[in-house]
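Please read them with the structure open.

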Amino acid sequence: MRERLATIAVQNLCTPAPFAMSDRALLPGGVIECAWDGARFDRRTGAALQAPAFDLLTRYDVRVAHGGVWVRKP
Ligand code: FES
């Protein structure tokens, strides 16, 4: 099986408060919006796009290989 870089992942917890952002759907343009206070982040870079968030999300490299999904710690 050929190994390839699939994509990146970002931390699930919002940066202003530990609220799970996976409770909200992905917005157009790769934007993640927190369902609690409405902070927005760029899914690709983790950058904060809208207050109350100012700190970026931690990014993780993801690989699909050997029948599994592998997430590398930064
Ligand atoms: S917990 Fe996400 S914006 Fe407040």
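This is a predicted model: local features need pLDDT of at least 70, side-chain atom pairs count only at pLDDT 80 or more; totals for chains, interfaces and linings use all residues.

1. A definition first: two strands count as paired if DSSP finds at least two bridges between them. S6 and strand S7 (residues 68–72) meet that cut-off, because five bridges join them. The two strands run antiparallel.

2. Two residues lie between S6 and S7. His 66 is found in that loop. Its phi is positive, near 50 degrees, and the residue is not a glycine. Most residues other than glycine have a negative phi. Is His 66 buried or exposed? His 66 is exposed, because 8 other C-beta atoms lie within 10 Å and the cut-off for exposed is 12 or fewer.

3. Now the overall make-up. The chain has seven strands and zero helices. Along the sequence, the pattern reads β-β-β-β-β-β-β. The C-alpha trace spans about 45 × 25 × 20 Å along its principal axes. Of the 74 residues in the chain, 12% are buried. Take the contacts between residues at least 6 apart in sequence: 33% of them join residues at least 24 apart.

4. Next, the open sheet. Four strands form it, in the order S2-S3-S4-S5, with antiparallel pairing. Which strands stand at the edges? They are S2 and strand S5 (48–50). Each has a single partner strand, so one side of each is left without a neighbour in the sheet. As background, strands of a sheet pair through backbone hydrogen bonds, either parallel or antiparallel.

5. Within that sheet, look at strand S3 (residues 31–33) and strand S4 (residues 40–42). Three bridges join S3 to S4, and the two run antiparallel. Ile 32 has Phe 41 as its bridge partner in S4.

6. Leu 27 sits in strand S2 (residues 26–27). S2 is one of the edge strands. Leu 27 has 11 C-beta neighbours inside 10 Å, so it counts as exposed. How far is Leu 27 from Ala 65 in space? The C-alpha to C-alpha distance is 28 Å, for a sequence separation of 38 residues.

7. The loop between S5 and strand S6 (59–65) holds Asp 55. Leaving aside residues up to four places away in sequence, Asp 55 touches Thr 15 and Ala 48. Asp 55 and Cys 14 are 41 residues apart along the chain, yet their C-alpha atoms are separated by 9.3 Å.

8. Pro 52 is found in the loop between S5 and S6. The bond joining Ala 51 and Pro 52 is cis, with omega about 15 degrees. Most peptide bonds are trans.

9. To close, two backbone items to inspect in the model. One is the positive phi of His 66 in the hairpin of S6 and S7. The other is the cis peptide bond between Ala 51 and Pro 52.

Definitions and conventions:
Residues are numbered from 1 along each chain as its sequence is written. A residue is buried if 20 or more other C-beta atoms lie within 10 Å of its own, exposed if 12 or fewer, and partly exposed in between; C-beta atoms are placed from the backbone. Two residues are in contact if their C-beta atoms, placed from the backbone, lie within 7 Å.
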